[in-house]
Amino acid sequence: MKKSLFHIYLLFIFLDVYAQEPIAIHISDKDGFPDNEVYDLLQDKKGNIWIAANKGLFKFDGKTFTQLTHPKKQGRSFFNLTLDPKGRVWCNNLAGQFFYVEDNKLQLFGNYQNIIKGAYTDFVFLKDKLAFKIYTKPIPTTFVIDLKTKEKKTIPINVRGTTMGLVFDDKLLYISEKFKIKSYNLSTTSDSLISSKINDNRITFSNLYRLKNKLWIIRSDEQHLNTQVYKFEKDLQKLAIPQEINTHRVEGLFESDCNYYFSTSNGLYICNEENNSLEIKDHYLKGVFVTKSLIDVNNNLWIATLDNSIYIIPNEQLKRLSEISDVSVLEKKNDTLCYIGTSSGSLLEYNKLSNSIQKNTFSDGFYIRSLSYNRKAKRLLYASDNSLFTLDNYRKKENIEIENTSGIKNTSVINDSTYIISAANGVYVTQGINYKNRITFKRAYTCLSAKFSDMIYVSDVDGLHAYSKDLSNKKEIKIDDNSIYTFKMAESANGIVWVSTYDNGVYGIKNDVVVKKINEDNGLASNYVNTISAYGNDLWIATEKGVQRYDIKNGIFKILTKQDGINSYAIKHLEVLENDVIFSSNIGLYSFNKHSIFKERELQKPYVRSVKIREKDTLVQSNYILPQEFSNIQFNFNIKGFHSNQSIIYQYFLEGLDSDWKTLTRGSDYLNYNSLPEGNFKLRYRIIDESKNISREGDSINIQITLPIYKTEWFRIVSFTFIILLVILYYKRITKRLEAAQRIKLEKAEMNRDLIFSQLENLRSQMNPHFIFNALNSIQDYIIINEKKLAREYLVRFARLIRLYLDQSRKKEILLEDELSTLKLYLELEQERFENGFDYEVNVDDNLELSSIYIPSLFIQPYVENALKHGLLHKTEDKKLEVSFTKDYETKSLKCIILDNGIGRKAASKIKEKRQKGHVSFATSANQKRVKLLNTAMSKNIQVKILDLYDKDGNSIGTKVIIKLPL
């Protein structure tokens, strides 16, 4: 007998015994958290997670990790995360600085390095006071600081141990001298004794915790060992603790659902308490130094470590059995044992009581296609790509011969000796080790022998067929006259056979009729089903969106998703072992308790995390008034706590623009409007958990879009009116300009007319009767003295001069050379008729181009005539006249100088007054008027200066006329 048992033992090889730790998500720098050394965790009233670490203070808002710092911070590490009465997060550092967070910024409250002197100090809040202690000898000193005035005082209490204590009902509970528990009232400045039962002087360290509004105390020695745990209700009670916890350093403690979580230097211990004794229920992260742990608003367990960053456990009930990732089949033996077949050819057996996985040496090393356990015969039907045999509990092996074992897809037990086998080349029925019958020659996918009915179900390329147990009757089962194609079947306790389809969900069949349809329309997470399994009146369904439990009797779904720790939806096999469910995925083998796995997670209220206007971050507000050119706006949504986005979608409804709710793309959490029209809108948004078919709406945001000024109705009216006025003003201006131009033309015409008159006046002045009379007298004298030749010559020159004057009077301008010719002819005639004669010179600058320079017609002669008539005529002798033409390079003008050595203008005026009072020289006045007309009408800049010349004694020696004509 001993020998037989030994041989049986040799049939199994021990593989592994797992501690069944739950699925943990390791947070590291790839997730945005850059620190491995974490000292403290805190969840604020809004659900944000705060992390005090070696590299600073961090905030997790459910989406990202954000670091907060301060420019005056000394050192980078923070400790002692605490909430004040206002809900603000506080922390301090070893430099004696205390900080708090307000408006999402780290604010420095005060620096007390001069009294703390680099020591580690925790603190508490007593009403509106901050309280902390320092280790002074012989008695520690306790300080309170007013949060408003920052006034610092000491209070007369002797806080021993390593912590300040805890505040209950505005009273400080602390450990005093001789290790007594006391209560201090800040208002009355009095303390009272709570308990004096702690009397072990060997204890050095102590920490106080509030659990269920009760006081818990953990104490340890100088090595942080020999841990003691006390609980205070009506009296102080010492709890018995496991030796495993007693021998490790305890860093923290919190309670949840009657479980007590001890953060230690050897991982996280979960204990329950009964009769003042703690018993270890679970142990996570063995060998890891855990500094703090908490459960967030989504029931995720956060674990901070000293050198491994942070772990998050979404669901403590979901545990990994093994990392075996090539499971090809699971077959339940009974409610404690399960067979496991792998694609690599290993036959394993999982025992949930011993939590062990063992390997059976009967495996042939080929891909295991199917395992079917015959409970009556207590035999396992084993089908691989190489073998088909049965194996009893005593490891007796019996081979079954069929045509092609490599094509086996599935097997099922008909009775204690009969099996049905689906294969690539048909469906076989065997009895014992003998081949009995082949009921079809078509490719088959799966088969099932029903326990609660006399039917066998076979799925092949033609659809789903039902056979009687004696194989005499065959019927195809259809739905809406369509064939059903399935790859997995299961039978529930009510006799319904459930078949999973490729993309139409699950059908329930009874009496060869589809009696139930389960799909996305009535609660199934996805119509794409991976596998199903039935136990009692529960149907377990694994889809591409999670694992669901379907209560067949009540029609109620429950679901497990990645939010619950399901880290892969590629689940191909699932079995129920009474209260436990095991399943395999592409990354391992897992189990959970079907009663405690489902957590009631409250769907957190969504909120707007950030707002961008024209791609620039702006403050999150409940109301926005924006001009239309700033209506490019983006909203980023979020929910608090650690969560998975796999089954979560956001919807939005912009009242005033949308007619119904719209859905963002799965995985997207932002809404962007490129441009909104003018109007008043209300943005509503909500989050939907598709797996649970629940939703929750966030706070709405009002948006008012105003049109640019140029698009408003009043602006259009004003603009239209303004344009009309502009048109009127424009045409008025044009009319005025035309009138001005017409007036200028008339003025120019008038000036031209006056100029012509002036020219005629000059002509008349040049052809004055005196000149003509004298000329004719000269001609007469020549005739009297019988100087006919001289008379004829003079008459010819006189006629020529008259003709030139007449010709030039028709022109506005003449060439300078023509003016010189006329002037010389005039001087010759005047010289001959003068009584005593005179000498004259006409000098012309060689640089003047006489044939290209134009001057006003009949312009120079009147000034020469004045020189002769008024300057030289009354002089008796030595009469001289000089006329010169030069170029003034500085002013770019033609310069004409008329110089005479006559009697001067004063003497001439006196003579003129004696002869004819009130007479004004006609030539002089005409020329002055002409100069004015030319300068105004023809934009000339003619300058005329007349200078009287005197000798050193003040006697007149002549007159000088300077004329400048622009070139």
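Colleague: Where is Asp 103 found, and what makes Asp 103 count as exposed?

Modeller: In this predicted model, Asp 103 is found in the loop between strand E9 (97-102) and strand E10 (105-111). Its relative accessible area is 71%, and exposed means over 50%, so Asp 103 is called exposed.

Colleague: Why is the pair of Tyr 652 and Tyr 673 called edge-to-face?

Modeller: The structure holds 34 aromatic pairs. In the pair of Tyr 652 and Tyr 673, the ring centres are 6.4 Å apart and the planes stand at 90°; the pairing limit is within 6.5 Å, and planes over 60 degrees apart count as edge-to-face, so the name edge-to-face applies to this pair. Tyr 652 lies in strand E63 (residues 648-655) and Tyr 673 in strand E65 (residues 670-673), so the pair ties together parts that are 21 residues apart in sequence.

Colleague: What makes Tyr 652 count as buried, and is Tyr 673 buried or exposed?

Modeller: Tyr 652 has 13% relative accessibility and Tyr 673 has a relative accessible area of 10%; the cut-off for buried is under 20%, so Tyr 652 counts as buried, and Tyr 673 is buried as well.

Colleague: Which residues do ring pairs link into a cluster, and how do you know that the charged end of Arg 88 sits over the ring of Tyr 100?

Modeller: The cluster consists of Trp 90, Phe 98, Tyr 100, Phe 109, Tyr 112, Phe 123, Phe 125, Phe 132 and Phe 143. The charged end of Arg 88 is 4.6 Å from the centre of the Tyr 100 ring and sits over that ring, where the distance limit is within 6 Å, together with a limit of within 35 degrees of the ring normal. The ring of Phe 109 likewise has a charged end over it, that of Lys 150, 5.1 Å from the ring centre.

Colleague: Why do strands E15 and E18 stand at the edges of their sheet?

Modeller: The sheet is open, with 4 strands in the order E15-E16-E17-E18 and antiparallel pairing. Strand E15 (166-168) and strand E18 (190-195) each have a single partner strand, so one side of each is left without a neighbour in the sheet. The twist averages 30° from one strand to the next. Within the sheet, 5 bridges join strand E16 (residues 171-175) to strand E17 (residues 181-185), and Leu 172 stands opposite Tyr 184 in E17.

Colleague: Which residues touch the most other members of the largest nonpolar core?

Modeller: Of the 41 residues in that core, they are Ile 860, Val 864, Phe 885 and Ile 898. Helix H6 (788-809) and strand E75 (956-966) are among the elements that each supply at least two residues, while the largest share, 7 residues, comes from H7.

Technical notes:
Residues are numbered from 1 along each chain as its sequence is written. This is a predicted model: local features need pLDDT of at least 70, side-chain atom pairs count only at pLDDT 80 or more; totals for chains, interfaces and linings use all residues. Side-chain values use heavy atoms; hydrogens and water are left out. Two strands pair if DSSP finds at least two bridges between them. Axes are lines fitted to C-alpha atoms, for helices over the stretch in contact, and angles run from 0 to 180 degrees between N-to-C directions. Rings of Phe, Tyr and Trp (its six-membered ring) pair if their centres lie within 6.5 Å; planes under 30 degrees apart count as stacked, over 60 as edge-to-face and the rest as tilted. Buried means under 20% relative accessible area, exposed over 50%, partly exposed in between (1.4 Å probe, protein chains only). A nonpolar core is a set of buried Ala, Val, Leu, Ile, Met, Phe, Trp, Tyr and Cys residues joined through side-chain atoms within 4.5 Å.
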